[in-house]
Amino acid sequence: MTDERQVLAVLDEVYAAWAANDADAFVSPYAEAATAILPGAYLPDREAIRATMATVFAGELKGSKGVHEVQNVRFVGTDAALVFSKGAVVPSGEAEPDPASQTLETWVLSRRDGAWRIEAFHNCAA
């Protein structure tokens with residue numbers, strides 16, 4: 001499997017966990033010190049990301065799924081990758097994403113001990 005496919009498989013794992021509304025599986029590919037920046041929020045580590053996702057999966061995002069469209073994958077050296085994507089939330093019971101939820105996303109991944117991990121995530125309104 002190519003490095004690009006391995007990196008994209010990590011994101012596929014995150015979005016599969018979202019579809020299952022499983023916060024533990026959602027953060028499984030995140031590094032321990034991973035950070036996330038969401039509109040109005042800075043999450044300083046994997047546990048904060050997990051706790052936030054558990055809360056929203058039980059509340060406003062219950063039954064939802066996230067969708068994404070990768071725009072570009074860029075490698076910085078052999079063990080770091082930047083992924084730029086567009087994302088959106090498909091509310092529970094809906095077939096299409098909520099247009100108001102469309103975002104632009106930046107993912108930073110690193111390879112450690114042969115496995116790609118998410119180091120940072122940032123999104124903003126599209």
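Trainee: What makes E5 and E6 a pair of strands, and in which sense do they run, parallel or antiparallel?

Mentor: In this predicted model, E5 and E6 are joined over 10 bridges in the antiparallel sense. Pairing requires at least two bridges, so E5 and E6 qualify as paired. One facing couple is Trp-107 and Phe-121, the latter in E6. The hairpin of E5 and E6 has two residues between the strands, and Asp-113 takes a positive phi near 50° there.

Trainee: In what order do the six strands form the open sheet, and why are E2 and E3 called edge strands?

Mentor: The order is E2-E1-E6-E5-E4-E3, with mixed pairing. Strand E2 (41–43) and strand E3 (65–75) each pair on one side only, which is why they are the edge strands. On average, neighbouring strands of the sheet are turned by 20° against each other, direction ignored.

Trainee: What makes helix H1 a helix that packs on the sheet, and which strands does it touch?

Mentor: Helix H1 (residues 3–19) touches E1 (30–38), E3, E4, E5 and E6 (115–125). Contact means heavy atoms within 4.5 Å, so H1 meets that cut-off with each strand named. The direction of H1 makes about 165° with that of E3. Helix H3 (residues 46–58) also packs on the sheet; H3 touches E1 and E2, and its direction makes about 55° with that of E1.

Trainee: What makes a set of residues the largest nonpolar core here, and which residues have the most contacts inside it?

Mentor: The set has 31 residues, and those with the most contacts inside it are Phe-26, Tyr-30, Ile-49, Phe-57, Trp-107 and Leu-109. Members must be buried, joined through side-chain atoms within 4.5 Å, so each of these six residues is buried, that is, under 20% relative accessible area. The elements giving two or more residues include helix H2 (23–27), E1 and H3, and the largest share, eight residues, comes from H1.

Trainee: Which residues does Tyr-30 touch, beyond those up to four places away in sequence?

Mentor: Tyr-30 touches Val-14, Arg-46, Ile-49, Trp-107, Arg-117, Ile-118 and Phe-121.

Key:
Residues are numbered from 1 along each chain as its sequence is written. This is a predicted model: local features need pLDDT of at least 70, side-chain atom pairs count only at pLDDT 80 or more; totals for chains, interfaces and linings use all residues. Side-chain values use heavy atoms; hydrogens and water are left out. Helices (H or I, at least four residues) and strands (E, at least two) are DSSP runs, numbered from the N terminus. Axes are lines fitted to C-alpha atoms, for helices over the stretch in contact, and angles run from 0 to 180 degrees between N-to-C directions. Buried means under 20% relative accessible area, exposed over 50%, partly exposed in between (1.4 Å probe, protein chains only).
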